[in-house]
Amino acid sequence: MVDTSRGEAPAPAAEEPRGCLFALSQPPLMIFLTVVGSLLLMAALHDLFLL
């Protein structure tokens with residue numbers, strides 16, 4: 001078996017792991033969620049008032 005270790009331990013990450021709040025702060029995700037939410041709202045209003 002080939003030894004692929006480098007001999008030194010990898011340096012610890014300087015940044016903490018990012019969680020769910022970091023993901024929600026991203027503009028593309030918020031735009032996507034806004035579009036999906038508005039489509040659901042329009043469908044619900046259509047069902048309530050026009051059907």
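Modeller: Helices are DSSP runs of H or I with at least four residues, strands are runs of E with at least two, and both are numbered from the N terminus. This is a predicted model, where local features need pLDDT of at least 70, side-chain atom pairs count only at pLDDT 80 or more, and totals for chains, interfaces and linings use all residues. Residues are numbered from 1 along each chain as its sequence is written, and side-chain values use heavy atoms, with hydrogens and water left out.

Biologist: How many helices and strands does the protein chain have?

Modeller: The protein chain has two helices and zero strands.

Biologist: What percentage of the protein chain is made up of buried residues?

Modeller: Buried means under 20% relative accessible area, exposed over 50%, and partly exposed in between, with a 1.4 Å probe and protein chains only. Of the 51 residues in the protein chain, 0% are buried.

Biologist: Is leucine 24 buried or partly exposed?

Modeller: Leucine 24 lies in helix 1, and it counts as partly exposed because its relative accessibility is 36%.

Biologist: Which helix gives the most to the nonpolar patch?

Modeller: Helix 2 does, with five residues. Helix 1 spans 20-24 and helix 2 spans 27-49, and each supplies at least two residues of the patch.
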